[in-house]
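Here are my notes on the model you sent. Please read them with the structure open.

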Amino acid sequence: MVLASASSQSHMGGWQMMEDGEHNYSIVFNFEKLFDEPSFMEYMLKNWTNCFIYSVIYIVLIFGGQCWMKARNRFDLRPALAVWSGTLALFSIAGAIRTLPELISTIRNRSLQYSICVPTYFRGVTSFWAYMFTVSKVFELGDTLFIVLRKQQLIFLHWYHHIATLIYVWYSYTDHTAPGRWFMVMNYIVHSIMYTYYALRAMRIYLPVVVNMTVTSLQILQMVVGCLINYWSFQIKTRGEYCNQSYDNIKYSTLMYCSYFFLFAHFFYNAYIRKQKLMKKVS
């Protein structure tokens, strides 16, 4: 148990203590124990704007790559894609397993409002996985290279989603944004399913259309919950109660989640509902 700083305590109302995490993990790995969160926080405070550099490099590579591939045959890359997606699936599953218990315990032992407003997940086991979550948003940009090299359709939703998420996550880490606990856990869970699906598909394992629809539906649900969490955080702050999320962060996060919701909903409609309607007309 660690006392919050005096300046923080004056705004925290009933939350006088900053716990090391509500969940008592029976197994704590050495790399989780040794993770130096203050040092990473110091690095992010100085270098979080590097996410804009990574985004520019990403844009140049994917659209430059598309031009380069126009006169070339597509690469198959199925084995490499299966390994890539499988690795990200295992990483996401591990992240979900290590962060979900803390979220559940925080809600059970404290309250739902506490889980949204007090960023204790930056301490203990979950601090390492918050770090890994932040760093992973750079590596996930590699998804798009497979689309480019395999000469598949690169839709706006795909590259916009990657860039916006990277920038928001890196920006939010420097504030230790409390609702990030929810955003991180949801993302780990959805990515566990999504990348497993991608890996199986790359291995040519047949999956019914309902699986595709379920993955997209979970992504849409994630955006709805994200918007609701931001709205609740805003309501708490306007009541004058402590909630560790700035008004600017609420604004940016809400814009991001709302844009994702409409883009994923549009994709769902075109990929499944509209497509089925057209197939019925043809038949």
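1. Ground rules. This is a predicted model, with local features needing pLDDT of at least 70, side-chain atom pairs counting only at pLDDT 80 or more, and totals for chains, interfaces and linings using all residues. Residues are numbered from 1 along each chain as its sequence is written, and side-chain values use heavy atoms, with hydrogens and water left out.

2. Helix H5 against helix H10. Two packed helices are described by the angle between their axes and the distance between the axes. Helix H5 spans residues 78-109 and helix H10 residues 180-202; they pack at about 150°, with axes 7 Å apart. H5 is therefore roughly antiparallel to H10. Their crossing is left-handed. Helices here are DSSP runs (H or I, at least four residues), numbered from the N terminus. Axes are lines fitted to C-alpha atoms, for helices over the stretch in contact, and angles run from 0 to 180 degrees between N-to-C directions. Angles under 35 degrees count as roughly parallel, over 145 as roughly antiparallel, 65 to 115 as roughly perpendicular and the rest as oblique. A left-handed crossing has the near helix turned anticlockwise from the far one by less than a right angle; clockwise is right-handed.

3. Helix H5 against helix H7. H5 also packs with helix H7 (residues 125-139), at an angle of about 150° and with axes 10 Å apart. That makes H5 roughly antiparallel to H7. The H5 and H7 crossing is left-handed.

4. The structure has seven salt bridges, each a side-chain nitrogen of Lys or Arg within 4 Å of a carboxyl oxygen of Asp or Glu. One of them joins the side chains of Arg98 and Glu32, at 2.8 Å from N to O. Arg98 sits in helix H5 and Glu32 in helix H2 (residues 30-34), so the pair ties together parts 66 residues apart in sequence. Arg98 and Glu32 are both buried. Buried means under 20% relative accessible area, exposed over 50%, and partly exposed in between (1.4 Å probe, protein chains only).

5. Two further salt bridges. Side chains of opposite charge can pair when their charged atoms come close. Asp76 and Arg78 meet through their side chains at 3.9 Å, N to O. Asp76 is partly exposed at 34% relative accessible area. Arg78 is partly exposed at 21%. Glu241 and Arg239 form another salt bridge, at 2.9 Å, N to O. Glu241 is partly exposed at 35% relative accessibility, and Arg239 is partly exposed at 47%.

6. The nonpolar patch. Which residues make the nonpolar surface patch of about 360 Å²? They are Ile53, Ile57, Leu61 and Leu145. Helix H4 (residues 50-69) gives the most, with three residues. Leu145 lies in helix H8 (residues 143-149). Leu145 counts as partly exposed because its relative accessibility is 38%. Patches are made of residues with over 30% relative accessible area and no salt bridge; like charges are joined within 9 Å, nonpolar side chains (Val, Leu, Ile, Met, Phe, Trp, Tyr) within 5 Å. Accessible areas come from the Shrake-Rupley method with a 1.4 Å probe; for residues, only the protein chains shown count as cover.

7. Positive phi values. Most residues other than glycine have a negative phi. Leu77 has a positive phi, near 60°. Leu77 lies in the loop between H4 and H5, and is partly exposed at 25% relative accessible area. Phi of Arg204 is also positive, near 65°. Arg204 lies in the loop between H10 and helix H11 (209-238). Arg204 counts as exposed, at 62% relative accessibility.

8. Pairs separated in sequence. Ile62 belongs to helix H4 and is buried, with a relative accessible area of 0%. Ala178 is buried at 0% relative accessible area. Ala178 and Ser115 are 63 residues apart in sequence and 7.5 Å apart in space, C-alpha to C-alpha.

Notes: Helix = DSSP H or I, 4+ residues; strand = E, 2+ residues; numbered from the N terminus.
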